[in-house]
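Here is a short report for a first look. Please keep the sequence and the 3D view open while reading.

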Amino acid sequence: MTEAWGPDDDEPRPHRGPVKVRVPAKINLHLAVGPLRPDGYHELNTVYHAISLFDELTARRGDTLTLTMEGEGTGELELDESNLIIRAARALAARGRVPAYARLHLRKSIPLAGGLAGGSADAAATLIACDLLWGLGLSREELAEVGAQLGSDIPFLLHGGTALGTGHGEAVSPILARPTTWHWVVAIADGGLSTPAVYRELDRLRATDRPAPPVPLGGPDQLMAAMRQRDPEILGAALGNDLQAAALSLRPQLADVLKAGHEAGAIAGIVSGSGPTCVFLAADAAHAQEVAAELTAAKVCRAAVTARGPQPGARVI
Ligand code: ATP
């Protein structure tokens, strides 16, 4: 009689492929930036939130490592060794002691350099896809360790949901709250902003602004308390981003976007991460549609789309 399960059936096995992974964009509901540390990083205290704007990465078996793409940023984004997808695949192959062979294809919807961590999202998707394709069977925590070497937002994009980020953002602890869906409008800008440039501008503003330097935000406790109350007005009042002044200083037109969102009736609006994307909180799905339509009509951004959060992190679909 043959056994239904052989002794090795719990062992992870290479997947014949293709493996398709969907990964969300992130926004920061609260982003408190500490002073510049001697190691060049800023200490962060942030509340990450994954929203329904997705990239999709497909991994197939191959005899070299290749990357192709379609969608947002095609023709602009380098697909060579500098791409975070290739870097993540190589880092994972080294960790798993396997050759980094795969044919990877990216369908991109998350705008480039938009403050939505699209590159980190793609790296997180690559870790999940290649782990399965190569049969490595690493845990999400092990993948997060590999990811944290490449980018501070990657551990969060593996987990998703709403989470507290500390250190330089790579130390993630999920926020346990009763499930509530929040409705957002995402105002996508023309062109991106460089994250390092925005941090440099923040340091410059903090060093030169007299007599009233921007006051760093406190911890995200108020934000988490607001989320627990499940009231968009209360959450709206608790949103905050220390990088907003720097993003506005580099891209003054963002003030028009924030103003237009306010005039369109959004509950609150902030610059997302290092910008230039702005996100607005709406009361419900219908309200988000209305705000998005008014923002589009105001012609202050390239596109305004609705999104819901929280969403799970990178997942096989
Ligand atoms: P963050 O919010 O994490 O600072 P961001 O949303 O502002 O990031 P990204 O689109 O994640 O910006 O990436 C910024 C830069 O990273 C890009 O301009 C590009 O040069 C580089 N990059 C490398 N790989 C990728 C990728 N797969 N997708 C997007 N950008 C990538």
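## A loop and its ligand

A113 sits in the loop between strand 4 and helix 2. Helices (H or I, at least four residues) and strands (E, at least two) are DSSP runs, numbered from the N terminus. The model is predicted, so local features need pLDDT of at least 70 and side-chain atom pairs count only at pLDDT 80 or more, while totals for chains, interfaces and linings use all residues. Residues are numbered from 1 along each chain as its sequence is written, and side-chain values use heavy atoms, with hydrogens and water left out.

A113 is not a glycine, yet its phi is positive, about 50 degrees. A113 has a relative accessible area of 46%, so it is partly exposed. Buried means under 20% relative accessible area, exposed over 50%, and partly exposed in between (1.4 Å probe, protein chains only).

A117 lies in the loop between strand 4 and helix 2. A117 is not a glycine either, and its phi is about 60 degrees, again positive. At 14% relative accessible area, A117 is buried.

L116 belongs to the loop between strand 4 (102-108) and helix 2 (118-133). L116 is buried because its relative accessibility is 0%. Beyond four places in sequence, L116 touches residues including A25, K26, L53 and T277; contact means heavy atoms within 4.5 Å.

G119 is in helix 2. G119 counts as partly exposed, at 30% relative accessibility. Leaving aside neighbours within four places in sequence, G119 contacts L84 and K108.

Which residues come nearest to the ligand? They are A113, G115, A117, G119 and T195, of the 20 residues around the ligand. A residue is near a molecule if one of its heavy atoms lies within 4 Å of it.

| Residue | N or O atom in | Ligand atom | Distance |
|---|---|---|---|
| L84 | backbone | nitrogen | 2.9 Å |
| D153 | side chain | oxygen | 3.0 Å |
| T195 | side chain | oxygen | 2.6 Å |

Taken alone, the ligand exposes 620 Å², and the protein buries 75% of that. These areas come from the Shrake-Rupley method with a 1.4 Å probe.

One joins G275 and P276, with omega about 5 degrees. P276 is in the loop between strand 9 (268-271) and strand 10 (278-282). Another joins G309 and P310, with omega about 0 degrees. P310 lies in the loop between strand 11 (303-309) and strand 12 (315-316).

Terms used:
A polar contact is a pair of N or O atoms within 3.5 Å; within protein, one must be able to donate a hydrogen and the other to accept it, and residues adjacent in sequence count only if both atoms are side-chain atoms.
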